[in-house]
Amino acid sequence: MEMPAPNPAIVAKKAELVRRLTEVLPETAVIHDEAETRAYECDALTAYRCPPLAAVLPSTTQEVSDVLRICHQMGVPVVPRGSGTSLAGGALPTADSVILGVARMNAVLETDYDNRFIRVQTGRTNLSVTGAVEADGFFYAPDPSSQLACAIAGNIAMNSGGAHCLKYGVTTNNLMGVTMVLMDGTITEIGGAHLDAAGLDLLGVICGSEGQLGVVTEATLRILAKPEGALPVLMGFDTNEGAGACVSDIIKAGVLPVAIEFMDRPCIEACEAFAKAGYPMCEALLIIEVEGSPEEIRHQLSLIKEIAAAHNPVDYREAADADEAYRIWLGRKSAFGAMGQINDYMCLDGTIPVSALPEVLRRIGELSKHYGLGVANVFHAGDGNMHPLILYNANQPGQLELCEAFGADILRLCVEVGGCLTGEHGVGIEKRDLMVDQFAPVDLEAQMAVKDVFDPAWLLNPAKVFPLASSEARRAVKIAAE
Amino acid sequence: MRPETEAELAGLIAGRDAPLWIRGGGTAGVVPDAADVLETSGLAGISLYEPGALTLVVKAGTPLAEVEGVLAAEGQRLAFEPADLRGVLGASGEPTIGAVAAMNVSGPRRIQAGACRDFMLGVRYVDGLGTIVKNGGRVMKNVTGYDLVKLMSGACGTLGVLTEVSMKVLPMPEAQGCVMVDGLAPDAAVQAMSAALGSPYDVTGAAHLPVGVDGAPVTMVRVEGFGAQVDYRTGKLRDLLGRFGNVRVETEAERVAAGWRYVRDLEGFVGVEGDLWRISVKPSDGPAVLAGLNAVKAQMDWGGGLIWAVVPAGTDVRARMSVAGHATLVRGTGQPRFHPETPVNAQLAAGLRAKFDPKGMFNPGLMGAN
Ligand SMILES: Cc1cc2nc3c(=O)[nH]c(=O)nc-3n(C[C@H](O)[C@H](O)[C@H](O)COP(=O)(O)OP(=O)(O)OC[C@H]3O[C@@H](n4cnc5c(N)ncnc54)[C@H](O)[C@@H]3O)c2cc1C
Ligand SMILES: Cc1cc2nc3c(=O)[nH]c(=O)nc-3n(C[C@H](O)[C@H](O)[C@H](O)COP(=O)(O)OP(=O)(O)OC[C@H]3O[C@@H](n4cnc5c(N)ncnc54)[C@H](O)[C@@H]3O)c2cc1C
């Protein structure tokens with residue numbers, strides 16, 4: 001993955017930039033020492049690193065505005081950052097950029113149960129939003145596995161999902177409003193505690209724009225009453241086709257589980273070895289969770305059992321209580337940890353039409369043989385969002401490149417069967433160069449035109465999302481203006 | 001003009017620069033005199049429907065009724081519950097799925113299931129230069145590139161002509177029930193609806209009719225699901241709402257459906273003279289806004305957050321709103337149909353229009369388009 005070369009004219013202005021930033025921020029909020037800027041050299045895509053020119057940690061929307069105004073005037077690129085858990089390199093800096101971190105902006109501004117929303121500063125972590133309301137019986141629904149660490153800022157920028165989005169939707173479906181600062185320092189409010197916007201749905205395009213349209217400092221989020229209870233069921237199948245058909249029949253029958261997770265044999269084996277959750281050894285395993293009162297749960301599980309029976313499961317276990325539920329989820333939740341024990345791994349994130357599941361798994365198996373790298377599949381089966389984990393050895397020269405080539409082939413396969421490159425992690429730098437496989441040049445042009453409007457100088461997170469060749473002319477304008 | 005294919009449409013647009021009014025079923029009302037009409041009815045038909053994947057891909061000019069019929073045959077539906085406002089708009093013709101998408105039309109279930117835009121997975125459209133563009137796709141989770149799907153839904157055709165939309169559909173529930181509280185004033189009604197919406201019983205509709213079918217105020221709370229589930233939840237809600245007033249429960253499916261159709265389609269508004277407004281506010285602000293309207297006829301949906309009101313012609317409803325929110329003039333003239341955006345957002349919107357429709361052709365006069 002290439003990044004544009006830093007602009008020496010910008011790097012040369014570092015001293016002036018730091019001086020001006022410290023005029024508007026407390027000294028502790030401007031990080032420019034080379035050793036300290038290293039803390040911001042990467043996100044969770046750790047294969048790519050580059051310390052920024054400086055990092056700033058503002059505490060208010062006004063400070064964010066002041067920083068952006070200065071960077072805008074000086075022509076310095078800005079990379080917004082939440083908690084740095086992006087798996088796509090979304091928060092990766094360049095050597096001529098300023099990291100703008102919102103981590104210090106983590107306050108709850110307003111909690112309103114009658115109107116079912118919470119307003120927070122976006123540096124607040126995902127889990128602590130639920131933490132602020134759960135004692136009163138409410139929760140914030142989108143639940144990425146990284147929810148302990150990731151911030152609402154990054155969730156909005158990536159339109160993050162979670163295990164329960166089959167029922168509750170992803171970030172964009174739970175976001176009601178934002179306060180956002182444009183690259184020139186202009187502060188704007190979009191949406192709020194009422195539903196839907198006056199005029200164009202700007203909120204809809206901001207969510208998922210990967211920090212390229214503005215810096216989001218506050219968010220109004222929908223909160224929901226916690227369900228009375230939830231229980232999972234686990235079932236094993238001796239073919240992927242059987243598991244896939246079972247998922248499809250459950251959905252068709254009108255049961256709407258909150259989660260349907262799928263694991264294939266390599267994944268089951270690795271998780272079992274790691275977590276000893278007592279999983280059956282079989283080709284495919286489903287974990288399905290339903291919600292409601294005890295009677296409602298029993299009823300839904302009885303329907304699911306009846307449907308599953310037609311697909312000859314080799315194992316079927318209902319959780320009778322919280323402890324059994326914990327054991328069923330244990331293996332799935334330790335999937336990434338389990339892989340990490342065995343090997344270095346790369347986590348992909350393509351989405352496919354649910355009906356293409358058996359074919360895609362078969363072809364991933366063929367590719368795995370071709371590349372000589374192992375792969376394990378975990379999968380949000382209800383919505384087709386796949387997470388193939390490719391195993392490789394980072395210390396062996398050439399393996400990262402081989403792994404990336406394998407990953408690219410899998411993502412192209414997702415597109416070929418009617419799906420897409422990324423279901424929840426975002427494009428960042430990781431999938432940037434594959435965008436041409438999903439979109440025609442005119443499709444990318446339409447998206448870049450949106451950035452032209454919000455950030456005409458292309459200073460906000462400029463080297464992401466769009467293939468460098470496609471965005472080059474626009475980024476060149478900025479450099480020419482130096 | 002009535003193109004039969006997307007390519008033909010693209011050619012038509014590329015070759016002109018005079019204003020153009022996009023028309024689906026034409027049921028939403030006026031066409032400015034200056035604009036030629038572009039009919040979308042030639043772009044019709046279902047391109048793909050996979051019930052097991054809850055996915056529908058359909059051409060924009062397809063009648064909404066046809067879409068709903070095809071889904072119903074598989075026991076599925078558009079969960080955002082688009083309304084049929086022909087009665088109250090005095091229109092005939094067949095509303096189209098493309099217009100529903102372009103207007104982001106959503107009914108009572110919007111508070112629980114989401115708006116039309118939340119169910120839109122992908123679009124194909126022709127922009128103001130005649131370029132065919134696609135965004136999103138047909139899969140449920142997709143964050144690949146910017147979400148122009150949301151931008152197009154709700155743009156009312158001012159950014160381009162939708163040619164095809166993909167949507168997530170949902171199963172129709174086995175049963176539905178409605179819990180009704182009699183005789184509440186609007187503020188008590190909103191409190192009751194907030195209590196219901198803040199409960200774990202997954203309420204899928206919460207509306208208040210100051211004058212119900214029998215002439216008295218009624219507050220309605222809907223639940224949907226399996227039969228036993230609906231019985232359980234209506235029972236729980238009956239207990240929860242007992243402190244607000246006399247509570248009744250209806251679980252006869254056809255009666256519940258008819259009651260919510262009455263709310264959704266504004267059946268009680270048919271024949272009432274005056275301007276028709278649609279106002280979105282924070283639910284707890286609803287009663288005060290309603291009181292300030294001097295409405296001839298009104299109802300609250302979305303737990304109090306959506307007010308539909310008929311007011312004497314020419315009333316400046318926006319001047320009477322002192323809270324955050326927005327008001328749309330759905331029937332009537334003499335005022336802008338859409339709520340003015342803040343100056344910064346209006347400038348962003350104008351910038352987007354200049355990019356998507358540089359010749360300023362689409363739907364002149366509507367929503368900031370000129
Ligand atoms: C172990 C692990 C599990 C994960 N599981 C999931 C999962 O289940 N589902 C899922 O969707 N993702 C998952 N992720 C990915 C990641 O956690 C999400 O993308 C998350 O939303 C990133 O949030 P962050 O605050 O860490 O953002 P960062 O990594 O700091 O930034 C992400 C992007 O947001 C932009 N950004 C940050 N702050 C702002 C701001 N204030 N304004 C505008 N743009 C901003 C950045 O420029 C960047 O492009 C996982 C990651 C890890 C490491
Ligand atoms: C200001 C206003 C607000 C409304 N609000 C609501 C509401 O909140 N709830 C509700 O149920 N109904 C609402 N309606 C009515 C609603 O428009 C109709 O329910 C339905 O969308 C009409 O379908 P149609 O095919 O007859 O639309 P038409 O009357 O043909 O078109 C409606 C609008 O959509 C545009 N349009 C149509 N097809 C396309 C396309 N393929 N691509 C791009 N743009 C297209 C048209 O230019 C026009 O602006 C509103 C109407 C108006 C005028």
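This report describes a predicted model with two chains and two ligands, taking the chains, their contact and the ligand shells in turn.

## Basis of the description

Residues are numbered from 1 along each chain as its sequence is written, while chains are lettered from A and ligands numbered from 1 in the order in which they are written. Because the model is predicted, local features need pLDDT of at least 70 and side-chain atom pairs count only at pLDDT 80 or more, whereas totals for chains, interfaces and linings use all residues.

## Chain A

Chain A contains 18 helices and 18 strands, where helices (H or I, at least four residues) and strands (E, at least two) are DSSP runs numbered from the N terminus. With a radius of gyration of 23 Å, close to the 23 Å that the globule rule gives for 482 residues, chain A is as compact as a globular protein of that length; the radius is taken over C-alpha atoms, and the rule is 2.2 Å times the number of residues to the power 0.38. Along the principal axes, the C-alpha atoms of chain A fill a box of roughly 70 × 55 × 40 Å.

Of the 482 residues of chain A, 57% count as buried, a residue being buried if 20 or more other C-beta atoms lie within 10 Å of its own, exposed if 12 or fewer, and partly exposed in between, with C-beta atoms placed from the backbone. Among the contacts in chain A with a separation of 6 or more, 73% are accounted for by residues 24 or more positions apart; two residues are in contact if their C-beta atoms, placed from the backbone, lie within 7 Å.

## Domains of chain A

Chain A is divided into domain 1 (108–225), domain 2 (230–335) and domain 3 (343–433), with bounds that come from an automatic or database domain assignment. The C-alpha centres of domain 1 and domain 3 of chain A lie 29 Å apart, and seven residues of domain 1 are in contact with ten residues of domain 3.

## Chain B

Chain B has twelve helices and 17 strands, and its radius of gyration of 21 Å agrees with the value near 21 Å that a compact globule of 370 residues would have. The C-alpha atoms of chain B fill a box of roughly 65 × 50 × 35 Å along the principal axes, and buried residues make up 56% of the 370 residues. Contacts in chain B between residues at least 6 apart in sequence join residues at least 24 apart in 68% of cases.

The domain assignment of chain B gives domain 1 (6–171 + 346–356), domain 2 (175–264) and domain 3 (267–331). Taken over C-alpha atoms, the centres of domain 1 and domain 2 of chain B are separated by 32 Å, and their contact takes eight residues from domain 1 and ten residues from domain 2. Helix H8 (residues 186–197) of chain B reaches 16 Å from its first C-alpha to its last, close to the 16 Å expected at 1.5 Å a residue, the expected span being 1.5 Å times one less than the number of residues. H8(B) is mostly covered, with nine of its twelve residues buried, including Val190(B), Met193(B) and Leu197(B).

## Contact between the chains

In the contact between the two chains, 73 residues of chain A meet 70 residues of chain B. Among the elements that give two or more residues to the chain A side are strand S9 (187–191), helix H9 (240–252) and helix H17 (441–454) of chain A, and H17(A) gives the most, with nine residues. The residues on this side of chain A divide into 29 nonpolar, 30 polar and 14 charged, where Ala, Val, Leu, Ile, Met, Phe, Trp, Tyr, Cys and Pro count as nonpolar, Asp, Glu, Lys and Arg as charged, and the others, Gly among them, as polar.

## Ligand shells

Around ligand 1 there are 37 residues, of which Gly82(A), Gly90(A), Gly154(A), Ala157(A) and Gly211(A) come nearest; a residue is near a molecule if its C-beta atom, placed from the backbone, lies within 6 Å of it. H6(A) supplies the largest share of this shell, five residues, and the shell has 15 nonpolar, 18 polar and four charged residues. Domain 1 and domain 3 of chain A both give residues to the shell, so ligand 1 lies between them.

Ligand 2 is surrounded by 32 residues, the closest being Gly24(B), Gly25(B), Ala83(B), Gly98(B) and Gly157(B). The largest share of the shell around ligand 2, five residues, comes from H4(B), and by class the shell has 17 nonpolar, twelve polar and three charged residues. Because domain 1 and domain 3 of chain B both give residues to the shell, ligand 2 lies between them.
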